[in-house]
Amino acid sequence: MKVKFWGTRGSLPQTISNSDALNLIDALITESERQGIDSLKAFKIALHQGQLANPISYGGNTSCTEVLHGAQSFFVDMGSGLRDAGSFYMPKGVKEFHIFLTHMHWDHLIGLPFFIPIHVPGYTVKIYHIHKNAPEHVKIKFNGVNFPLTWDQLGGKIEFVQMKLYEPKPFGDVSVTPFALDHPGGSFGYRFDGGGKSCAVGVDGEYKRTTVKDLGKDLPFYQNLDLLIFDSQYEIAELASRFDWGHCTPTIGVDLSLRECIKTIAFTHHDPWATNAKILRMHAHATTHAKVQLPAFKDRWIAAKQPNGPKLISAWDGLEIDLDVP
Ligand SMILES: [Zn+2]
Ligand SMILES: [Zn+2]
């Protein structure tokens, strides 16, 4: 099973302005000087090998995550990252797409009008959802006012598929199960199990419920999990002033991972105001937190043959994680 991140920004797409680009280039040159790189050729090699910064930038597009297993592909959400996914797949002859919708906030829908397959006859896009009124809210965009085309003018075929909470849906040897997250208006995470691997996409979520008791029927979302994709919009100090905004912080994901023995946790849905430096600072804080808390959970991590605890990743647009590679 593999995961590809097409959009890791939350709430709003984040462009790199001219001054951001200048500062970025400046920082890369400073880092190359620090490393003693003394030629343009060596600079280019270091740049492309991720030796100066990896990633260069976290981007970018709003929420869109792809889960791949064998020849099967599943998307979660259709934020602006979905546009790039469409451009990537159009030349490859793929004619059917499966998209699981967490909720209807705009940052999770805005890519659909620019997803080329919906405009081309012969292509089918299936949108799986929990919210009963999802079709109505997705179609609002295509009323001829908010976007030039109406729903009936779209060339491709778009089907809605109502899913039931906690009920697995089989796709060959992959099963997809929706669980509830804590988010204004309700948001639903999707867990993918296939080929002995598992991945859960847990955005958007505030994670107000984290104890075994409070999670109740949602606890299996986190159990025996290889990868949790976690809403990490805010720094922990920001959480109190953003209560009920529906987003979380990396250290709470680390606590869940330590307790439930989740092998890898990927932080995503970065705040549109978060600079690279802030994301790196949050990542460093989460790493320290994991190290400090690990001894309390030592035995279960030794039993899981991962004695150093969970692997932490701050996701960026274009990142791929292969769960079959140890
Ligand atoms: Zn969002
Ligand atoms: Zn949301």
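1. A residue is called buried if 20 or more other C-beta atoms lie within 10 Å of its own, exposed if 12 or fewer do, and partly exposed in between, with C-beta atoms placed from the backbone. Helices (H or I, at least four residues) and strands (E, at least two) are DSSP runs, numbered from the N terminus. Of the nine residues of helix H2 (residues 40–48), the number that is buried is zero, so helix H2 lies largely in the open. After H2 comes Gly50, whose phi is positive, near 75°.

2. Some notes on reading this model come next. This is a predicted model, in which local features need pLDDT of at least 70 and side-chain atom pairs count only at pLDDT 80 or more, while totals for chains, interfaces and linings use all residues. Residues are numbered from 1 along each chain as its sequence is written, and chains are lettered from A and ligands numbered from 1 in the order in which they are written.

3. Taken as a whole, the chain has eight helices and 14 strands. Its radius of gyration is 20 Å, close to the 20 Å that the globule rule gives for 326 residues, so the chain is as compact as a globular protein of that length; this radius is taken over C-alpha atoms, and the rule is 2.2 Å times the number of residues to the power 0.38. Along the principal axes, the C-alpha atoms fill a box of roughly 60 × 50 × 40 Å. Of the 326 residues, 41% count as buried.

4. Two residues are in contact if their C-beta atoms, placed from the backbone, lie within 7 Å. Among the contacts in the chain with a separation of 6 or more, 72% are between residues 24 or more positions apart.

5. An open sheet is formed by seven strands in the order S6-S5-S4-S3-S2-S1-S14, with mixed pairing, where two strands pair if DSSP finds at least two bridges between them. Its edge strands, each pairing on one side only, are strand S6 (157–162) and strand S14 (320–322). From one strand to the next the twist averages 20°, with axes being lines fitted to C-alpha atoms, for helices over the stretch in contact, and angles running from 0 to 180 degrees between N-to-C directions.

6. Within this sheet, strand S4 (residues 96–100) and strand S5 (residues 124–129) pair in the parallel sense over five bridges, and Phe100 stands opposite Tyr128 in S5. Helix H3 (residues 81–89) packs on the sheet, where it touches strand S1 (2–7), S2 and strand S3 (72–76), and the direction of H3 makes about 120° with that of S1.

7. The largest nonpolar core has 70 residues, of which Phe75, Ile99, Phe100 and Leu228 touch the most other members; such a core is a set of buried Ala, Val, Leu, Ile, Met, Phe, Trp, Tyr and Cys residues joined through C-beta atoms within 7 Å.

8. Most residues other than glycine have a negative phi, and most peptide bonds are trans. The peptide bond from Asn54 to Pro55 is cis, with omega near 5°, and Pro55 lies in the loop between H2 and strand S2 (64–69). Another cis peptide bond joins Val203 and Asp204, with omega about -10°.

9. Asp244, which is not a glycine, has a positive phi of about 75°, and Asp244 is exposed, with 9 other C-beta atoms within 10 Å.
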